[in-house]
Amino acid sequence: MARPGHARNRPSLEEDEEAEDPLDAMISRTGCVRQHRELQECMAERQDWRHCQAQVRAFGECMARRR
C-alpha cells in the first residue's frame, strides 16, 4: 500500500518538456537569445567552455548591456 503523499499528480514527461524553462524565458526577455544559442552550440560541440571564449564574451557583453 502506498504511503500518503506518494500519490501526487506529477506532470507527464511530455507536459514537462513542453513547459518553458524559466531560464530560457529570462534570456528571451533580454534579447540575448542568439548569443546564448551560439554559446550552447559551441559547448555541445567542443565540450569545454575554454574553447568557447568568444561566445562566452559575446553573451556576457549582451547580458551586461541589458541590465
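Which residues are buried in helix α2 (residues 22–30)?

A: In helix α2, which covers residues 22–30, the buried residues are A25, I27 and T30. Buried here means under 20% relative accessible area, exposed means over 50%, and partly exposed lies in between, with a 1.4 Å probe and protein chains only. The model is a predicted one, in which local features need pLDDT of at least 70 and side-chain atom pairs count only at pLDDT 80 or more, while totals for chains, interfaces and linings use all residues. Residues are numbered from 1 along each chain as its sequence is written, and side-chain values use heavy atoms, with hydrogens and water left out.

The setting of this helix comes next. The chain contains four helices and zero strands, and its elements run α-α-α-α from the N terminus on. Helices (H or I, at least four residues) and strands (E, at least two) are DSSP runs, numbered from the N terminus. The chain has 67 residues, of which 19% are buried.

The buried residues of α2 pack against α3 (33–46) and α4 (53–66). Just after α2, G31 adopts a positive phi of about 85°.

The description now turns to the disulfides. A disulfide is a pair of cysteine sulfur atoms within 2.5 Å, and by this rule the count is two. One of them joins C32 to C62, with an S to S distance of 2.1 Å. This pair connects distant parts of the chain, since C32 is in the loop between α2 and α3 and C62 is in helix α4, 30 residues apart. The link of C32 and C62 is left-handed, with -95° about the S-S bond. C32 counts as buried because its relative accessibility is 0%, and C62 counts as buried because its relative accessibility is 0%.

C42 and C52 form a disulfide as well, and their sulfur atoms are 2.0 Å apart. This pair, too, links distant parts of the chain: C42 is in helix α3, and C52 is in the loop between α3 and α4, ten residues apart. The link of C42 and C52 is left-handed, with -90° about the S-S bond. With a relative accessibility of 10%, C42 counts as buried, and C52 is buried with a relative accessible area of 0%. When bonded cysteines are counted along the chain, the disulfides follow the pattern 1-4, 2-3.

A nonpolar core is a set of buried Ala, Val, Leu, Ile, Met, Phe, Trp, Tyr and Cys residues joined through side-chain atoms within 4.5 Å. The largest such core has eight residues: I27, C32, L39, C42, C52, F59, C62 and M63. Helices α3 and α4 each supply at least two residues of this core. The largest share, three residues, comes from α4.

If its neighbours within four places in sequence are left aside, C52 is in contact with L39, C42, M43 and R46. Q35 is found in helix α3 and is buried, with a relative accessible area of 10%. With its neighbours within four places in sequence likewise left aside, Q35 is in contact with A58, F59, C62 and R65. Among contacts in the chain between residues at least 6 apart in sequence, 43% join residues at least 24 apart.

The loop between α3 and α4 also contains Q47. Q47 has a positive phi of about 60° although it is not a glycine, and Q47 is exposed, with a relative accessible area of 63%. D48 has its place in the loop between α3 and α4, and D48 counts as buried because its relative accessibility is 16%.

To return to the helix in question, A25, I27 and T30 are the buried residues of α2, and the helices they pack against are α3 and α4.

Terms used:
Contact = heavy atoms within 4.5 Å.
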